[in-house]
Amino acid sequence: QVTYSSGSKCFSCSSAAERDKWMENLRRTVQPNKDNCRRAENVLRLWIIEAKDLAPKKKYFCELCLDDTLFARTTSKTKADNIFWGEHFEFYGLPPLHSITVHIYKDVEKKKKKDKNNYVGLVNIPMASVTGRQFVEKWYPVSTPTPNKGKSGGPSIRIKSRYQTITILPMEQYKEFAEFVTSNYTMLCSVLEPVISVRNKEEMACALVHILQSTGRAK
């Protein structure tokens, strides 16, 4: 969705790669000199994985709101033992965030869409708890409009997320570092491999591949 002075328009893309290309082109149109200035990039990565203790034989979907604005919606899935979405969302270039909220709804016929009984509940994720280098994955209890009287204590939803504010320097300042990594990546891997955790190895490997791709050493 693109919002401008006289309204807004929604666009669809055939793939995630096409979407990312469009988004990058739009950002460069707004800020053509962004590679040459220091900036802060707010990034949210979030997985809505699964839910449990919802009423069976019904279909459910989730809406993801950032600062009370709808940013994403999952597909609708039918409840069996648990209900599994496993859907991943990434947002770049966000303004500073104050709240992350996931709303759960029953999926019903269109003519009943406005029925308040379709609303299941919500989860508010504290920003401080998911801000940092590591992903946070946990079960969150769902706050429902009416208290649950069952033994299970009410529905809950498993979410994995991470919010970061990344300081990015002008590209020119990375030139010497990129040249060093490109020439010495095998030595770096052999030195760092024994002393960093498995979780950090994955993050370092992704960063290393991106650097080698940007310098033409990897495809």
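Reader: In which helix do Glu-24 and Arg-28 both lie, and how many residues apart are they?

Author: Glu-24 and Arg-28 both lie in helix 1, where four residues, about one turn of the helix, separate them. Before going further, please keep in mind that this is a predicted model, in which local features need pLDDT of at least 70 and side-chain atom pairs count only at pLDDT 80 or more, while totals for chains, interfaces and linings use all residues. Residues are numbered from 1 along each chain as its sequence is written, and side-chain values use heavy atoms, with hydrogens and water left out.

Helix 1 covers residues 16-30, a helix being a DSSP run (H or I) of at least four residues, numbered from the N terminus. The side chains of Glu-24 and Arg-28 form a salt bridge with an N to O distance of 2.9 Å, the term meaning that a side-chain nitrogen of Lys or Arg is within 4 Å of a carboxyl oxygen of Asp or Glu. Glu-24 also forms a salt bridge with Arg-27, and there the closest N and O atoms are 3.7 Å apart; these two residues are three apart in helix 1, and so about one helical turn separates them.

Arg-28, for its part, also meets Asp-35 in a salt bridge, at 3.0 Å from N to O. Taken together, Glu-24, Arg-27, Arg-28, Lys-34 and Asp-35 are linked in a network of salt bridges.

As for accessibility, Glu-24 is partly exposed at 24% relative accessible area (buried is under 20%, exposed over 50%, partly exposed in between, with a 1.4 Å probe and protein chains only). Arg-27 is partly exposed at 24%, Arg-28 is partly exposed at 33%, and Asp-35 is partly exposed at 22%.
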